[in-house]
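Please look over the model below.

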Amino acid sequence: MSSLTIYTAQEPTQPVFQSDNLVEIAEKLQQQGIRFEQWQANQPIEASTDHASILAAYSDDIARLKQQGGYVTVDVISLSSDHPDKVALRQKFLAEHTHSEDEVRFFVRGEGLFCLHLGEHIYQVLCQQNDLISVPANTPHWFDMGSDPNFTAIRLFNNPEGWVANFTGSQIASRFPLLP
């Protein structure tokens, strides 16, 4: 189940807000300039569905978002728990970083935990199937795919080459809970 947990940056063990209500999640995130919405496929999606068919299944929402956000590149990424580099891939994004463009992810299946450092608070957004999150450019954050990642996500980019992580050097991410 999708959820939002908010902590103060100084207290990683005691949440100040928790909800799995999609309307509440979207409202709290919108107050911080974070887009969170739900999409539904226009055709059935199976684990074996190819990437072109996945993009076709969400084509209306993708077109709307591309128009609204000026995104020029869209792709699909999948990662399974048997991937030989899963530990290194997980570690890569567990440190706080920013991007010079929005980080837009739609979860076709599986889950991921986006942790957003917004002022004096940490917003942990557990995104699951049918969730879209758009983290604005230059927002300090980290991402956890879990120890046994198994997800497929659609990514949208402003830059045809994709985004680059700019690590902040902060150790804040190591203090907050992660996925098992």
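This report goes from the sheet to a helix, then to charged pairs and cysteines.

The model is predicted: local features need pLDDT of at least 70, side-chain atom pairs count only at pLDDT 80 or more, and totals for chains, interfaces and linings use all residues. Residues are numbered from 1 along each chain as its sequence is written, and side-chain values use heavy atoms, with hydrogens and water left out.

**Sheet**

An open sheet is built from 5 strands in the order β3-β9-β6-β11-β4, with antiparallel pairing. Its edge strands are β3 and β4, each pairing on one side only. From one strand to the next, the twist averages 20 degrees. Strands are DSSP runs (E, at least two residues), as are helices (H or I, at least four), numbered from the N terminus. Two strands pair if DSSP finds at least two bridges between them. β4 and β11 pair in the antiparallel sense over 7 bridges. Val 76 has Ile 154 of β11 as its bridge partner.

Helix α1 (residues 22-30) lies across β3 and β9. It runs at about 155 degrees to β3. Axes here are lines fitted to C-alpha atoms, for helices over the stretch in contact, and angles run from 0 to 180 degrees between N-to-C directions.

**Helix α3**

Helix α3 spans residues 59-69, and its residues Asp 61, Ile 62 and Leu 65 are buried. Buried means under 20% relative accessible area, exposed over 50%, and partly exposed in between (1.4 Å probe, protein chains only). The buried residues of α3 pack against β3 (35-38), α2 (51-57), β4 (73-79), β6 (103-109), β9 (131-135) and β11. Contact means heavy atoms within 4.5 Å. Gly 70 follows α3 and has a positive phi, near 70 degrees.

**Salt bridges**

A salt bridge is a side-chain nitrogen of Lys or Arg within 4 Å of a carboxyl oxygen of Asp or Glu. By this rule the count comes to 7 salt bridges.

| Glu 37 | Arg 35 | 3.3 Å |

Asp 144 lies in strand β10 and Arg 90 in helix α4, so the pair links distant parts of the chain, 54 residues apart. Both Asp 144 and Arg 90 are buried. Shared partners also join Arg 35, Glu 37, Asp 61 and Arg 64 into one salt-bridge network. Within it, Glu 37 is buried at 18% relative accessibility, while Arg 35 is partly exposed at 26%.

Asp 148 is exposed at 53% relative accessibility. Lys 86 is buried at 18%.

**Cysteines**

How many disulfides does a search of the whole structure find? It finds 0. A disulfide is a pair of cysteine sulfur atoms within 2.5 Å. The closest cysteine sulfur to that of Cys 115 is in Cys 127, 10 Å away, which is too far for a bond. Cys 115 is buried, with a relative accessible area of 0%. Cys 127 is buried, also at 0%.
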